[in-house]
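Please look through the sequence and the 3D structure shown below, and keep both in view while reading. The report that follows takes a few parts of the chain in turn.

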Amino acid sequence: MSEQIIIFENHLNTLKTQTLNNIKNANNPEELDSIRISIFGKKGQLTEVLKKVGNLSAEDRPKFGKLTNVIKQDIKSCMDDKHQYFERKQLEASLNLKKEDITLPTYFKSLGNQHVISQVISDITDIFSRLGFCVKEGPEIENDFYNFEALNIPDDHPAKDMHDTFYLSDGYLLRTHTSPVQIRTMLKEKPPIRILAPGKVYRCDADTSHSPIFHQIEGLLVDQHVTFSELKGILTFFLKEFFGNDKKIRFRPSYFPFTEPSTEVDVEFHTKKGPQWLEILGAGMVNRNVFRSVNYDPSKFTGLAFGLGIERMAMIKYNIPDIRIFYENDCRFLNQF
Ligand code: PHE
């Protein structure tokens, strides 16, 4: 081996020891980077040594190449290790910063549940669907024809005052009952008809048992030979299914312009003062004049109709004393159902 190579080798070994030592002592990635530049940069120490290859004999050059490569690799792999070390430290630091307490109790978001009014509507429609009734819906903004006239309530009829109607402009009004849906259905379809029409209705009235907006369900059955006893049978079946077999009910003669004969049904309700009868629904046989206004032949068809208040049903079933609580959306109340 020539003397020159030995000198180079010594020089490179010193450089390597020094550099590995510097890498070991580097405190951060920036320091590591400046070491890299001081060795491999344009004017770096190793770069300078490599420039001297021209001074060597042809015989020494490969040896020199081999020597420098080994040293280059050693320094590089040492640098890589240190780089990884810095990365790991950084990751650990950031994990420590965001340390979470996994023993903390979980925060549960409440899922909510169906409003009691919606529940009662579906309970009622379920019972009637077993008797072949299907659900129909209609608009809440109606006109005089569907809400009154076609239901045998002409302009000068006192029943119109009983309804405390909210009138809108251009002859429109907020429907006072769900009965307009029976007119809309009969105008579109021919008997047999078996429908239930649930929905919101509006009356200018407010106290603990009346709200200006409340919910009703209308029922209508039209066919040949529909009888009053069928009406009684259907309503008795329904009320026993809804309230339980032991609930006392009674039929009382009544008056509605759109039914003849008409009846109101009361159920027994227990209060602190003792048992009391509470009116729960209106019903009757469809008035012939209603059939005339939808072009049904009254000598061919008969029908039964009934209408009931949902809030009333819920108040009796669940012993709720004040109608306004349904609309306050207090979760402590709503979650009980
Ligand atoms: N529409 C009546 C009301 O709102 C209820 C009813 C419906 C009565 C159908 C008889 C027949 O008071």
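## Helix α5

Helix α5, which covers residues 116–129, is 14 residues long and reaches 20 Å from its first C-alpha to its last, close to the 20 Å expected at 1.5 Å a residue. This value, like every other in the report, comes from a predicted model. The buried residues of α5 are V116, I117, Q119, V120, I121, I124, T125, I127 and F128.

## Two helices side by side

How are helix α1 and helix α4 placed relative to each other? Helix α1 (residues 3–25) packs with helix α4 (residues 60–97) at an angle of about 5 degrees, and their axes are 10 Å apart. Angles under 35 degrees count as roughly parallel, and α1 and α4 are therefore roughly parallel to each other.

On the α1 side, the residues that take part in the contact are I5, F8, E9, L12, N13, K16, T19, L20, I23, K24 and N25, and they meet D60, K63, F64, L67, T68, I71, D74, I75, C78, M79 and K82 in α4.

## Salt bridges within and between elements

The structure holds twelve salt bridges, and one of them joins the side chains of K51 and E48, with a distance of 3.3 Å from N to O. Both K51 and E48 belong to helix α3 (residues 45–51), where they are three residues apart, about one turn of the helix. An α-helix has 3.6 residues a turn, so residues three or four places apart point the same way. K51 is exposed, because its relative accessible area is 54% and the cut-off for exposed is over 50%. E48, at 31% relative accessibility, counts as partly exposed.

A salt bridge also forms between the side chains of E189 and K136, at 2.9 Å from N to O. This pair links distant parts of the chain, 53 residues apart: E189 is in the loop between α8 (180–188) and β4 (193–202), and K136 is in the loop between β1 (134–135) and β2 (141–143). Both partners are partly exposed, with a relative accessible area of 31% for E189 and of 24% for K136.

R250 forms a salt bridge with D266, and their closest N and O atoms are 2.9 Å apart. Here too the pair links distant parts of the chain, since R250 lies in strand β6 (residues 249–256) and D266 lies in strand β7 (residues 259–271), 16 residues apart. Through salt bridges that share partners, R250, R252, E264 and D266 are joined into one network.

## Helix α11 and the residue after it

In helix α11 (residues 310–318), the buried residues are I310, E311, M313, A314, M315 and I316. Against which elements do the buried residues of α11 pack? They pack against helices α5 and α9 (228–243), and against strands β5 (213–223), β7, β8 (274–286) and β9 (302–309).

After α11 comes N319, whose phi is positive, near 60 degrees. N319 lies in the loop between α11 and α12 (331–334), and at 54% relative accessibility N319 counts as exposed.

## Backbone features to look for

Most residues other than glycine have a negative phi, and most peptide bonds are trans. D170 is not a glycine either, and has a positive phi of about 55 degrees. The place of D170 is in the loop between α7 (159–162) and β3 (172–174), and D170 is exposed, with a relative accessible area of 72%.

Where in the chain are cis peptide bonds found? The peptide bond from P191 to P192 is cis, with omega near 5 degrees, and P192 is placed in the loop between α8 and β4. Another cis peptide bond joins E260 and P261, with omega about -5 degrees, and in this case P261 lies in strand β7.

Note on methods:
Residues are numbered from 1 along each chain as its sequence is written. This is a predicted model: local features need pLDDT of at least 70, side-chain atom pairs count only at pLDDT 80 or more; totals for chains, interfaces and linings use all residues. Side-chain values use heavy atoms; hydrogens and water are left out. Helices (H or I, at least four residues) and strands (E, at least two) are DSSP runs, numbered from the N terminus. The expected span of a helix is 1.5 Å times one less than its number of residues. Buried means under 20% relative accessible area, exposed over 50%, partly exposed in between (1.4 Å probe, protein chains only). Axes are lines fitted to C-alpha atoms, for helices over the stretch in contact, and angles run from 0 to 180 degrees between N-to-C directions. Angles under 35 degrees count as roughly parallel, over 145 as roughly antiparallel, 65 to 115 as roughly perpendicular and the rest as oblique. Contact means heavy atoms within 4.5 Å. A salt bridge is a side-chain nitrogen of Lys or Arg within 4 Å of a carboxyl oxygen of Asp or Glu.
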